[in-house]
There are 2 protein chains.
Amino acid sequence: MIQTPTLILDTEKLRANAARMQTATDRHRVLLRPHVKTSKSIDVARVLLGDGPAAITVSTLREAEFFLSHGIRDQIYAVGITPNKLDRIFALRDQGADLKIILDNVEAAKAVASACAARGASLPVLIEIDSDGHRGGVRPDQVVELTAIAVSLGRHVELKGVLTHAGGSYAARSEADLRRYARLERDGAVAAANHLRDAGYRIDMVSVGSTPTALFTEDLSGVTEVRAGVYGFFDLVMAGIGVCDTSEIAIGVLASVIAVQPDKGQILIDAGWMALSRDRGTASHPVDQGYGLVCTPDGQPYPDLLVLSANQEHGVVGLRPGSGAPLPPLHVGDLVRILPNHACATAAQHAGYDLWDAASGTIQGHWPRIQGW
Amino acid sequence: MIQTPTLILDTEKLRANAARMQTATDRHRVLLRPHVKTSKSIDVARVLLGDGPAAITVSTLREAEFFLSHGIRDQIYAVGITPNKLDRIFALRDQGADLKIILDNVEAAKAVASACAARGASLPVLIEIDSDGHRGGVRPDQVVELTAIAVSLGRHVELKGVLTHAGGSYAARSEADLRRYARLERDGAVAAANHLRDAGYRIDMVSVGSTPTALFTEDLSGVTEVRAGVYGFFDLVMAGIGVCDTSEIAIGVLASVIAVQPDKGQILIDAGWMALSRDRGTASHPVDQGYGLVCTPDGQPYPDLLVLSANQEHGVVGLRPGSGAPLPPLHVGDLVRILPNHACATAAQHAGYDLWDAASGTIQGHWPRIQGW
């Protein structure tokens, strides 16, 4: 019998989602560099890469090491570098990884420059640009700071380009918003690249991306590549901002009914936050999906049925407040599929993906994933 | 160099916390049955068990299998049973586990009864009691339902006792509240046990517990054992409800500074929600600790310094809104320790514990933990 809770993956949906993004980026004649932080799976990465160039984005050095061991050399480590990681970076490059790092301040640039000088080694670096004020990076109009970073890198470091991530696009509420974030992202990265070119630097890489902006961008002129991660799986946050439909969400958590409590108007399931994650990414959306949308095992949503709260191994399922829908006639032991708020967070709670066969309603295979740093 | 982010454990604090709980339960002459779901580590469990009886509570069958492989036989699986798990339950018992299960409804009781009848095997069962309305269980005053469950178990199943968990105690805001939840928990469990005795059943086990109620209970007459989990590590939720001091929190996430952005009033670190978890358990507290309290590596909190927001591998550190404290003079590469909102959730993001040596400020050993179901 199927053991619950477990993370299931519908590979048909994954393939369709991969094709949609490939078509979107091909239209702009830019490289698609999938972010493997969502799946942390070589099998998923192979679907996303298809027969295109094997170029990826990683969020941890553990990912860099793992994907290099599977032959994927062209990598960007897209988290600002810290000095304690440089030994592993150099080791990865010695093992054949074309690994590029990012940074956004003079202090980090000097640390990298001095490490390279000490080793007599070079390191390709991208400067992180803040195109929408959401997190890290140099603003494109901070020309003095940009140049100061480039100067601090010195002659041992190879300044390859600029990189930005429109994380603010997750707050979009309309197609117009999504297009605006895509414009900000493209314009910010290209402006920063041009400032550096004006200062005499050769800038070969202009890297932008997030799933929403990658799918809704209208202009990528001057951009060389797009990074995106969650598009392979999609999730309720992406559905909530209009990037996908819930029927396109490729992963879910399969759970069993523990108890039906009509007097409390609730159903208990054996998937709590350990299986679903604590992510409440739709809490700020017009439609709050609780800890996830409750579906039949084959992925048909029950009207207004959500995981309303979550303990470690218990989910409390009930109707969306104000709903007139009835509680569905579920019984102890029945299976449900929970669509996740945030695919990256839900997948991170699991050691791999059980491959769901929609035709038979059974699990046909398993793809492992990695974890840790 | 220390690789960040990483989960660190201060074993001195763990030992002190374990001793505090042991003293509290010894005073009431009841068995302490630690919940291993917090640590999922045999090394931590050994500290919690000391030289007392090796009795534990588990939240997954994976835990049951793992701890049995380390010789711990006396276990309660404290999540309502579903039929798909019975094969593994019987296998565990065949391998020598004295594993008890719980349920709270007639449907589950009938499923267990029929599985036992089909195998000609018995299974010790506890009925889950809802002492504070927070999740599952039969209310102690639902005498008809209680008896119906006992009857449905039939003659093949061994009704061992009752179990309750005052999860509502996490919402306590004062010592008086904590004592009230402890009273509800004890009174509810004992009342239910007595109803079943009145109906002719022999009830040997009356199991209660949560860390807050276990530490603040005044009366455990009629109770045979106490379950608690988070007390080994403690966390900001426990500190927020007055159960511990932040100086007693035994785990933390060690992170490196990626960038200092005085213009934005923020510091970026390389611990995001992947390392910290998405748990925002203090969000509903009078003192909201964001995604965690920022400390020096040896655990001294910086005044009002919190992880204000978290992306997958980035934490945004800044001052509590309204604080007059200055941003501390941190630099790229500096280490900080983040105290977690919820120890169970933060530990779950990691493959093990790096053992922090306070005297030298170095890591001296590693204790692995398990994951999955």
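Reply: Pro5(A) has its place in the segment before β1 (6-9) of chain A, where helices (H or I, at least four residues) and strands (E, at least two) are DSSP runs numbered from the N terminus. The model is a predicted one, in which local features need pLDDT of at least 70 and side-chain atom pairs count only at pLDDT 80 or more, whereas totals for chains, interfaces and linings use all residues. Residues are numbered from 1 along each chain as its sequence is written, and chains are lettered from A and ligands numbered from 1 in the order in which they are written.

The peptide bond that joins Thr4(A) and Pro5(A) is cis, with omega about -5°. In chain B, the bond from Thr4(B) to Pro5(B) is cis, with omega near -5°, and Pro5(B) is placed in the segment before β1 (6-9) of that chain. Most residues other than glycine have a negative phi, and most peptide bonds are trans.

On the side of phi, Lys40(A), a residue other than glycine, has a positive value near 50°. Lys40(A) belongs to the loop between β2 and α2 of chain A, and it counts as buried because 24 C-beta neighbours lie inside 10 Å; a residue is called buried if 20 or more other C-beta atoms, placed from the backbone, lie within 10 Å of its own, exposed if there are 12 or fewer, and partly exposed in between. In chain B, Asp304(B) has a positive phi near 60°; Asp304(B) sits in strand β13 (residues 301-310) and, with 17 other C-beta atoms within 10 Å, is partly exposed.

The loop that holds Lys40(A) ends at α2 of chain A. In this helix, α2(A) (residues 42-49), Val44(A), Ala45(A) and Leu48(A) are buried. They lie on the same side of α2(A), because they cover an arc of only 100° around the axis, the arc being that of the directions from the helix axis to the C-beta atoms. An α-helix has 3.6 residues a turn, so residues three or four places apart point the same way. The cover over the buried residues of α2(A) includes α1 (11-27), β2 (31-34), β3 (55-58), α3 (61-69) and β17 (362-368) of chain A. After α2(A) comes Gly50(A), whose phi is positive, near 55°.

In chain B, β2 and β3 bring us to a sheet. It is an open sheet of eight strands, with parallel pairing, in the order β2-β9-β8-β7-β6-β5-β4-β3; two strands pair if DSSP finds at least two bridges between them. Its edge strands, each of which pairs on one side only, are β2 (31-34) and β3 (55-58) of chain B.

In chain A, β5 (residues 98-103) and β6(A) pair in the parallel sense over three bridges, with Leu103(A) opposite Ile127(A). Strand β6(A) (residues 124-129) is mostly covered, since five of its six residues are buried.

Finally, the two chains meet. Between them, 47 residues of chain B are in contact with 47 residues of chain A, contact being C-beta atoms, placed from the backbone, within 7 Å of each other. On the side of chain B that touches chain A, α5 (106-119), β10 (251-261), α10 (273-276) and α11 (343-347) each supply at least two residues.

Technical notes. Contact = placed C-beta atoms within 7 Å.
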